[in-house]
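Subject: Handing over the structure

Hi,

Here is the structure I promised to pass on. Have a look at it first, and then read my notes below.

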Amino acid sequence: MNFDTIEYAVDAHVATVTLNRPDKLNAFNNTMIDEFVQVWKHVRDDDDVHVVVLRAAGDKAFCTGVDVAEGLHLHQNVWSQDDPGQGLSPRANKVWKPVIAAVHGMVAGGAFYWLNDCDFIVSADDATFFDPHVSYGMTSALEPIGLARRVPLGEAMRWALIGLDERMSALRAHTIGLVSELVPAAELWGRVDALARTIAAKPPTAVQGTVKAVWETLDMDRNAAYAVAWNYPAVGNPIGTAEVSRDGFVKPKWTLR
C-alpha cells in the first residue's frame, strides 16, 4: 500500500503505520485523513494483521495536530459537516485490533484523535504534551473530552486550559497514567515493536474480542457493561472453550514491569 503522508508495512502479523510528514511536524491534512480511512479499513479486513503500531517519522514531533497552513476542507453547510479528525481514530473506524502508540517529541492538540482511542501508549522520555487551541482563541473540545476518559479530569482540564504556556512532560504523563511506559528515545521503536509482537503471537480471536469487549462497553455504567460483557466470551469462546488447550501449554517466562 503506497501513500503520500504515511508509511504502512506488515511483518509477523504486526502492521506498522508511520506518520510521514516530518517537515510539517507530522501535522495532518485532508490527505492524511483520507489515507487513514483507507488504512483502518484494510487493517479491519485483513486477518493477517493482529496488532497495529502507530509511530511518527523525524526527531521533533509525533504530531502537532492539524496542518494549519493547509487547513481542512469542510462542507459549506454547517449542518452537513462532520468532524474530519474522526477519520484518524481506529475506534471511530471500527477497528477492534490492538493499537499501540509510540510517541516522541511534540505531541499536541489533534494528535489525541489517535492517542485517546489507542489501547496504550509508550513514550520516549523526550516527549512533551500540550494543547494549543485556547491560546489561539479556539475552543478545545474533542481532544480533552477524550482525554478526560483516560486521565483525571483536573489533568485533562489543565492540559487544555493552560494551552501553550505549559507542556506536560513525559514523566508527568507516565505518573498520571496517560502513557504506560517511558523509554529512551533511541529505544522507542524497538520496545514498541517487541510489545506488539508479544501480543500478535497470541490467539487473534481472543485478542480482538478482548479489545472489542472493553471499548464497546466503556461508556456504559457498571451493571450494563457486566450484563453485555457475557456476550463477548459466548461469541469468542464457542461453548465455553479456549482456543489453546491447557494440556501441554508452556507458560512464558514473565517479566516484571
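Is D11 buried, partly exposed or exposed? With a relative accessibility of 45%, D11 counts as partly exposed. Buried means under 20% relative accessible area and exposed means over 50%, with partly exposed in between (1.4 Å probe, protein chains only).

Before going on, some housekeeping. This is a predicted model, where local features need pLDDT of at least 70 and side-chain atom pairs count only at pLDDT 80 or more, while totals for chains, interfaces and linings use all residues. Residues are numbered from 1 along each chain as its sequence is written, and side-chain values use heavy atoms, with hydrogens and water left out.

**Salt bridges**

Side chains of opposite charge can pair when their charged atoms come close. For a salt bridge, a side-chain nitrogen of Lys or Arg has to be within 4 Å of a carboxyl oxygen of Asp or Glu. The structure holds 12 of these salt bridges.

Back to D11: its salt bridge partner is R197, and the closest N and O atoms are 2.5 Å apart. This pair links distant parts of the chain, since D11 sits in strand β1 (residues 6-11) and R197 in helix α6 (residues 188-200), 186 residues apart. Helices (H or I, at least four residues) and strands (E, at least two) are DSSP runs, numbered from the N terminus. R197 is partly exposed as well, with a relative accessible area of 33%.

Another pair is E70 and R21, whose side chains meet in a salt bridge at 3.1 Å, N to O. E70 is in the loop between β4 (61-63) and β5 (99-103), whereas R21 is in the loop between β2 (14-19) and α1 (30-45), so this pair too links distant parts of the chain, 49 residues apart.

K41 counts as partly exposed at 46% relative accessibility, and so does D45 at 47%. Elsewhere, salt bridges that share partners join D11, D193 and R197 into one network.

**The largest pocket**

Rolling a probe the size of a water molecule over the atoms shows where empty space is left. How much space lies in the largest pocket? About 790 Å³. Of the 33 residues that line this pocket, V66, V68, H133, M138 and E143 are the closest to its centre. The elements giving two or more residues to the lining are β6 (106-108) and α3 (142-147). Sorted by class, the lining has 19 nonpolar, nine polar and five charged residues.

Here is how those terms work. On a 1 Å grid over the protein atoms alone, a pocket is an open set of points where a 1.4 Å probe fits, with protein on both sides within 12 Å along at least five of seven lines, and lining residues have an atom within 4 Å of a point. The volume is the space filled by probe spheres set on the points, which are joined across faces, edges and corners. Ala, Val, Leu, Ile, Met, Phe, Trp, Tyr, Cys and Pro count as nonpolar, Asp, Glu, Lys and Arg as charged, and the others, Gly among them, as polar.

**A surface patch**

V134, L153, M157 and L161 make a nonpolar surface patch of about 370 Å². Such a patch takes residues with over 30% relative accessible area and no salt bridge, with nonpolar side chains (Val, Leu, Ile, Met, Phe, Trp, Tyr) joined within 5 Å. The areas come from the Shrake-Rupley method with a 1.4 Å probe. L153 is found in helix α4 (residues 153-162), and at 57% relative accessibility L153 counts as exposed.

**Two backbone angles**

Most residues other than glycine have a negative phi. N26 has a positive phi of about 60° although it is not a glycine. N26 lies in the loop between β2 and α1, and is buried at 0% relative accessible area. K94 has a positive phi near 60° too, and is found in the loop between β4 and β5.

Happy browsing!

Technical notes. Patches are made of residues with over 30% relative accessible area and no salt bridge: like charges are joined within 9 Å, nonpolar side chains (Val, Leu, Ile, Met, Phe, Trp, Tyr) within 5 Å.
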